[in-house]
Amino acid sequence: MPVVINFKICDNAEVCNGITVCPTGAFQWNKEKKTLEIDEKKCINCGKCATSDESCGVGAIRFAKNEEELEKIKKEIEEDKRTIKDLMVDRYGAQPINMPFYCKENDLKKVISTKRTVLIEVFKEDTEECLIKSIPVKEIFNMLHIADLTYRKLEVETDEFIEKYDIKELPSLIIFKSGKMIGKIDGYYSIEDKEEFINKIRKVI
Ligand code: SF4
């Protein structure tokens, strides 16, 4: 069995990218058992369910090329302390998870009409990055140490909005203070670029 699903971080949903990318139908949803599973008879060991860019966004599907790799993966999963709850938190550049963090263009005026510092992450559905590689919003709060900070993910709908805020690349972080835009950081920053991203925000604030 070369494919292993890490159910500690998998939401075990009927709609799974592993199913979509699998060329043989081996990666499937078992209706009776209500779980994802791999039909070994149909699996051609191509690894697409684990390695394709269109597959699992949180890295829950693993593929082993040989027995040695399989044992290593099983051990990593056994020792993995993460849970689905740890991953399903809002992150810069990744899909919105909690609705209170989410807003639309029309909500912006209301959101920034405050003396607080407001960080608006502007995104489009097709610019969403992998959850596991993205910086949790909670960490941005912790690293900035600002008491009166508001964060929202704004899904951009019009070109006018992009032009108005001179957005060069999505996602983009627009920073407001007392209702006025005080700065902007264009582009995606992954968890590896966390320090750089936070320093850029600090410079604006
Ligand atoms: S390794 Fe290939 S054939 Fe097997 S389950 Fe994954 S995508 Fe399907």
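Conventions. I count residues from 1 along each chain as its sequence is written. As the model is predicted, local features need pLDDT of at least 70 and side-chain atom pairs count only at pLDDT 80 or more, while totals for chains, interfaces and linings use all residues.

Domains. I looked up the assignment, whose bounds come from an automatic or database source, and found domain 1 (3-87) and domain 2 (99-204), with C-alpha centres 32 Å apart.

Helix pair. I took helices as DSSP runs (H or I, at least four residues) and strands likewise (E, at least two). The axes, lines fitted to C-alpha atoms over the stretch in contact, with angles from 0 to 180 degrees between N-to-C directions, come within 11 Å for H6 (residues 137-144) and H8 (residues 194-204) and cross at roughly 55°. That makes H6 oblique to H8, a class left over once angles under 35, over 145 and from 65 to 115 degrees are taken out.

Backbone. I noted a cis peptide bond between Leu 170 and Pro 171, with omega about 0°; Pro 171 is in the loop between helix H7 (159-164) and strand S8 (172-177). Lys 34, not a glycine, has a positive phi of about 55°, and sits in the loop between strands S2 (27-30) and S3 (35-38).
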